[in-house]
Amino acid sequence: MSRKFYITTPIYYVNARPHIGHAYTTIACDTIARRQRMFGADTFFLTGTDEHGQKIERAAQAAGKTPQEFTDEVSAQFRALWQRMGITNDDFIRTTEERHKKRVQELFRRIRDNGHIYKGTYTGQYCVFDELYVDAVGPGAPCPECGRPTETVKEENYFFKLSVFADKLLQLYTEQPDFIRPETRRNEVMSFVRGGLRDLSISRSTFSWGIPVPDDPKHVIYVWLDALANYITAIGYGSSHKGAQEAFQKYWPADLHMIGKEIVRFHCVYWPAFLMAARLPLPKGIMAHGWLLFEENKMSKSRGNIVRAETILDVLGADALRYFLLREVVFGQDGSFSFDALVQRYNSDLANGLGNLASRTLTMITRYFRGQVPYPSAAFSQSAGDNAIAENARKVIVECNALFDQYQFSRALEAAWGLVAAVDKYIVENEPWALGEKQDEESRSRLATILYTSAEALRIVTALAHPVIPDATSKIWSQLGLGDIRKLVLPELKWGQLPLSTKLGNVEPVFPRADKSAIERMQKMEEQQRGGSSTTQAQPDASTTVPPVATQAAAAPAAKLAVTVPDGKISIDDFAKVDLRVGQVKAAEKVKGADKLLRLEVDLGTEVRQVVAGIAESYAPELLIGRKVVIVANLAPRKLRGLESNGMIVAASPEGGKAVLAGFLEDVPVGTRLK
Ligand SMILES: [Zn+2]
């Protein structure tokens with residue numbers, strides 16, 4: 001019986017449409033799954049969507065939809081994207097599916113029957129954004145995880161006896177050091193658990209969009225218990241079907257849960273504790289990757305800097321995105337995405353690297369040997385250079401496999417591309433095109449050796465890179481006349497297996513060079529997706545100078561108003577068009593690379609807005625948090641340094657002096673209108 005391998009992505013929360021952050025995790029898992037299949041493992045690769053919780057209920061409401069309609073739509077977007085990218089998941093689970101709901105209830109029952117659930121009363125702060133009870137104190141206190149205001153909740157809840165599992169968890173992390181990778185995440189989790197664990201509220205009764213608690217349907221099951229359970233429900237846990245039970249027996253425990261670092265606690269503390277309480281085997285390992293930043297900033301909806309995968313697929317294709325993310329980012333650490341870097345990497349490594357090696361090698365074999373792989377010649381025309389390439393290839397196979405096994409994608413690809421560079425150099429030094437002009441036996445046999453050596457090295461890089469760039473490598477493989485690359489058994493890959501006299505397929509370029517316009521095209525597509533607000537209005541270039549805030553406040557409305565009243569005065573109706581409101585600063589930070597700008601999150605009572613303000617020289621960001629300010633709330637959004645600013649903070653801007661924020665001597669509620 002063959003070895004099994006079960007790998008999962010986190011199931012993606014459907015409060016937002018898919019972007020390259022989701023694609024990144026999924027690509028890493030797809031690469032691992034493809035490699036496992038090439039090693040002969042019976043692989044099961046699961047992904048899906050997480051669809052319950054208050055955040056979804058509210059997002060659906062805001063969109064004027066039922067939660068089911070809303071989640072149907074967003075979940076379908078995820079499935080469509082994975083299909084378009086050729087992701088090889090074996091199943092796609094939705095937490096709103098019947099099979100999942102029933103099996104989660106079964107898990108709840110089992111944990112309860114084992115004595116680990118009790119009923120109690122909870123009063124405290126809840127962060128709707130993180131779907132998490134937090135330690136913050138007092139109404140509206142900021143969430144320690146995300147800084148958003150928390151809500152006070154008092155309700156009768158079911159509690160999970162998490163506190164009793166602290167020692168068992170610490171023992172797990174100690175005895176199985178690679179249960180959590182990388183090391184930094186493991187250390188964080190251990191110190192969190194050492195700090196003591198409190199029992200966890202695992203039901204809610206203040207909203208209904210969730211899975212009902214068995215025998216007490218007033219309550220719904222905590223969204224994280226619901227979501228984490230997908231890893232077992234999808235493969236048949238809790239089912240009465242024989243086939244499903246067998247699948248669960250076969251694939252559980254998971255070999256790898258791949259996650260982002262922001263959900264480490266849920267996966268490394270709560271999940272194993274739930275499984276221990278249910279007396280189920282624990283997953284073998286959890287790997288947390290870092291964040292994908294956009295030009296060094298965190299991608300987020302409020303910053304308006306989220307990049308969609310579709311844009312890159314349209315312009316450069318899925319392989320380009322896959323290669324870039326796995327080559328550019330050191331797996332486990334934060335990495336940065338930019339269109340410039342993407343195109344640069346695409347051209348240097350794919351178009352000019354592997355693509356060029358394939359087309360020049362195969363074209364010369366076509367021209368000089370009528371498209372048949374030539375015989376490497378007898379010893380008299382072997383040079384040290386030929387043997388060095390063979391030696392290099394043997395080393396790269398070992399190195400590359402070892403690095404892939406440790407999920408060091410970037411270094412694995414670097415090793416494989418080292419061989420590409422070596423063969424390029426070898427070809428240039430040996431000038432096969434010059435030999436091709438000659439007909440004497442020695443020149444012919446030298447030429448045969450050089451082209452055989454190049455083609456064999458090409459075959460090896462193609463095989464090693466297949467899990468990362470499946471499309472292009474499939475094409476190169478069939479151009480090499482080798483048929484279906486999926487039949488390749490990777491552990492058997494060795495130097496010298498390229499069959500002689502193999503008839504090449506049609507030689508076509510696999511990575512056409514991208515020019516500068518590719519960057520502009522992708523940027524434009526993304527801007528249009530973000531609503532086009534920044535393209536409809538001519539804005540001063542924020543990267544050179546930032547005008548003082550108060551003049552910004554006047555500029556946009558005044559230009560229009562001046563038309564109606566010729567003497568420079570405006571009517572009360574004109575003034576009423578400006579929606580001035582009291583806001584409270586919830587978060588503030590410097591904008592990287594801009595000395596004058598601060599990025600603020602301002603609570604307007606009904607919503608939290610991102611505002612970029614030119615007051616960094618006047619106020620330290622930490623002094624602004626909690627401060628009440630006056631906001632022009634109906635100003636058209638504008639972009640500053642790539643960040644969308646929704647509104648403007650009113651300040652006095654003395655000539656040559658520092659800006660001073662407008663404020664109030666008496667206390668005034670957030671959201672109050674000024675008129
Ligand atoms: Zn939060």
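Residues are numbered from 1 along each chain as its sequence is written, and side-chain values use heavy atoms, with hydrogens and water left out. In this predicted model local features need pLDDT of at least 70 and side-chain atom pairs count only at pLDDT 80 or more, while totals for chains, interfaces and linings use all residues.

Student: How many helices and strands are there in the protein chain?
Tutor: Helices (H or I, at least four residues) and strands (E, at least two) are DSSP runs, numbered from the N terminus. The C-alpha trace spans about 100 × 75 × 40 Å along its principal axes. The count for the protein chain is 23 helices and 27 strands.

Student: What percentage of the residues of the protein chain count as buried?
Tutor: Buried means under 20% relative accessible area, exposed over 50%, partly exposed in between (1.4 Å probe, protein chains only). The chain has 675 residues. The buried share is 55%.

Student: Of the contacts with a separation of 6 or more, what percentage do residues 24 or more positions apart account for?
Tutor: Contact means heavy atoms within 4.5 Å. The tally takes contacts in the protein chain with a separation of 6 or more. Residues 24 or more positions apart account for 74%.

Student: Which residues coordinate the zinc ion?
Tutor: Donors are N, O and S atoms within 2.8 Å of the metal (3.2 Å for Na, K and Ca); water is not among the atoms, so sites may look incomplete. Here the distances run from 2.1 to 2.4 Å. Along the chain the spacing is C-x2-D-x12-C-x2-C. The residues are Cys 127 (SG), Asp 130 (OD), Cys 143 (SG) and Cys 146 (SG).

Student: What arrangement do the 4 donor atoms around the zinc ion make?
Tutor: Four donors count as tetrahedral if all angles lie between 85 and 135 degrees. Around the zinc ion the angles are 98 to 115°. The arrangement is therefore tetrahedral.

Student: In what order do the 4 strands of the open sheet with β9 stand?
Tutor: Two strands pair if DSSP finds at least two bridges between them. The pairing is antiparallel. The edge strands, β6 (132–134) and β9 (200–201), each pair on one side only. The order is β6-β5-β7-β9.

Student: How many bridges join strand β5 to strand β7?
Tutor: Strand β5 covers residues 117–127 and strand β7 residues 151–160. The two run antiparallel. Ile 117 stands opposite Phe 160 in β7. The number of bridges is 10.

Student: Which residue in β12 stands opposite Pro 212?
Tutor: An open sheet of 3 strands has the order β10-β12-β11, with antiparallel pairing. Its edge strands are β10 (203–204) and β11 (212–213). β11 and β12 (residues 216–221) pair over 2 bridges. The residue opposite Pro 212 is Val 220.

Student: How many residues apart in sequence are the parts that Arg 322 and Asp 30 tie together?
Tutor: A salt bridge is a side-chain nitrogen of Lys or Arg within 4 Å of a carboxyl oxygen of Asp or Glu. The side chains of Arg 322 and Asp 30 meet in one at 2.7 Å, N to O, and both residues are buried. Arg 322 lies in helix α12 (residues 318–328) and Asp 30 in helix α1 (residues 20–38), so the tied parts are apart by 292 residues.

Student: How many residues of α12 are buried?
Tutor: α12 is mostly covered. Its buried residues include Leu 321, Arg 322 and Tyr 323.

Student: In which helix do Glu 246 and Lys 242 both lie?
Tutor: Their side chains meet in a salt bridge (3.1 Å, N to O). Glu 246 is partly exposed at 46% relative accessibility, whereas Lys 242 is exposed at 60%. They lie 4 residues apart, about one turn, in helix α9 (residues 242–251).

Notes. Tetrahedral: all angles 85-135°; square planar, octahedral: opposite > 155°, others 65-115°.
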